[in-house]
Amino acid sequence: MNPVTNPFAPGAGTPPPELAGRDELRETVRVALERVRRGLPTKSVLIVGLRGVGKTVLLDRMRDDAEASGIQTVRIEAPESRSLPALIAPQLRQALIKLSRSEQARALAERALRALTGFANALKIKYHDIEVGTDFPAEPGLADNGDLEHDLQALIETVGAAAQAAGTALVLFIDELQYVEEDQLAALITALHRAAQRRLPIILVGAGLPQLRGQMGRAKSYAERLFDFPEIGPLSDVDARDAIVKPLSDQRVEIGDDALRSIVDQTHGYPYFLQEWGKHGWDTAIRSPITLGDITSASRSAIAALDESFFRVRFDRLTPVEKKYLRAMAELGPGPHRSGDIADKLNRKVTSLGPTRSQLITKGMVWSPNHGDTAFTVPLFDEFMKRIMPDSDWNE
Ligand SMILES: Nc1ncnc2c1ncn2[C@@H]1O[C@H](COP(=O)(O)OP(=O)(O)OP(=O)(O)O)[C@@H](O)[C@H]1O
Ligand SMILES: [Mg+2]
């Protein structure tokens, strides 16, 4: 069918034509944000899930929901190499400038902008990557100690007070939170904790890989009580079907039941894969309804596309040793696997593989669901590893 009107949208952070199966969580967050706007006790929300399950698009949708109801938002994505203060400062500045347009909030927003100047000046020495416009001179003693934990707390308090004066809430949407270093996570947790104690309308809605939960707990032991960690994963059968059928029927296209069944089975309901299968199914079919035969040939191009993009970008970032480690895991199946079993496959000692495993965790390729267990963060990565390193001599 005409590729120009193909509704499906595989891609990192690309909004799907139908955001299936996430209504409940959206509602939970909507309620949380309304509560925080009213100054009621509310936990920050950290959405955790594997690669490609739809964390980013969900976060973006929640942000749109919030903005539509008049809540102020800040949107940050933590890359591997930037510091949290450098990421957060320019975004807070923009939010504060907006808040300062409200008559009741102007004085407090300007005070927060002064805090931001002090914050940036004092922390530049430690975090060289901070770059932010300074609209107002610093106020000595306000967020300018040069100690992140203290200064972020002071800054967040002044920002929260400005949002409160404006009769709104400020929500920090932060994606890929697992890349934020532990001391910086700790500072963020402390700052939010303090703001929550003071009932200030500022809250975090974050997303990250499943290891985030443990990282937060290590950064601050009370983090687990302060945050909710809803987990998102593959879609249920009904939702996976919706993700395919609704965009099709919007275009008056039908799909056979067996064809739909085949998509749901092969994708295991993983959102990224559903988009890829939907896209290739559409492109392969000549006309409506899409048949099982169409899906069978579309599967080949869908897998090839995933191998070239979704899987490939992650594979290319690996060292030879890391590839071998993941290939050994793949040999054992989807996982999780015991470290001892992986070491056995490689004829190595568990301890000698420790550094490789840690690097893979830092890169976000694997995580540890339980002590001593290792699991892929990318769904179906085991099958990909076998496709890309098929030789029986990978272990030499
Ligand atoms: N609920 C959903 N229903 C249908 N498709 C979805 C849904 N959520 C996400 N998708 C699709 O899945 C793909 C991946 O989404 P997204 O980039 O948000 O995942 P992610 O969890 O952020 O992945 P990563 O961990 O790699 O950043 C996109 O193509 C998106 O359109
Ligand atoms: Mg993402």
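**A helix among helices**

Helices here are DSSP runs (H or I) of at least four residues and strands (E) of at least two, numbered from the N terminus. This is a predicted model, in which local features need pLDDT of at least 70 and side-chain atom pairs pLDDT 80 or more, while totals for chains, interfaces and linings use all residues. Residues are numbered from 1 along each chain, and side-chain values use heavy atoms, without hydrogens or water.

**More on α10**
- Helix α10 covers residues 257-267, and its buried residues are Ala-259, Leu-260, Ser-262, Ile-263, Val-264 and Thr-267.
- Buried means under 20% relative accessible area, exposed over 50%, and partly exposed in between (1.4 Å probe, protein chains only).
- Just after α10, His-268 has a positive phi of about 55°.

**The cores**
- The largest nonpolar core has 73 residues, and Ile-47, Phe-273, Phe-311, Leu-326 and Phe-381 have the most contacts inside it.
- A second, separate core has 59 residues, including Leu-84 and Met-216.
- A nonpolar core is a set of buried Ala, Val, Leu, Ile, Met, Phe, Trp, Tyr and Cys residues joined through side-chain atoms within 4.5 Å.
- Phe-311 is in contact with Phe-273, Phe-381 and Arg-387, among others, leaving aside neighbours within four places in sequence.
- Contact means heavy atoms within 4.5 Å.

**Two crossing helices**
- The axes of α5 (residues 148-165) and α6 (residues 182-197) come within 8 Å and cross at roughly 40°.
- Axes are lines fitted to C-alpha atoms, for helices over the stretch in contact, with angles from 0 to 180 degrees between N-to-C directions.
- Residues of α5 including Leu-152 and Ile-156 meet a set in α6 that includes Ala-187 and Ala-191.

**Asn-145, in a loop**
- Asn-145 sits in the loop between α4 (106-123) and α5.
- Asn-145 counts as exposed because its relative accessibility is 52%.
- The side chains of Asn-145 and His-150 are joined by a polar contact of 3.3 Å.
- A polar contact is a pair of N or O atoms within 3.5 Å; within protein, one must be able to donate a hydrogen and the other to accept it, and residues adjacent in sequence count only if both atoms are side-chain atoms.

**Asp-373, in a strand**
- Asp-373 belongs to strand β8 (residues 373-376).
- With 13% relative accessibility, Asp-373 counts as buried.
- The side chain of Asp-373 makes a polar contact with that of Arg-338 (2.9 Å).

Terms used. Chains are lettered from A and ligands numbered from 1 in the order in which they are written.
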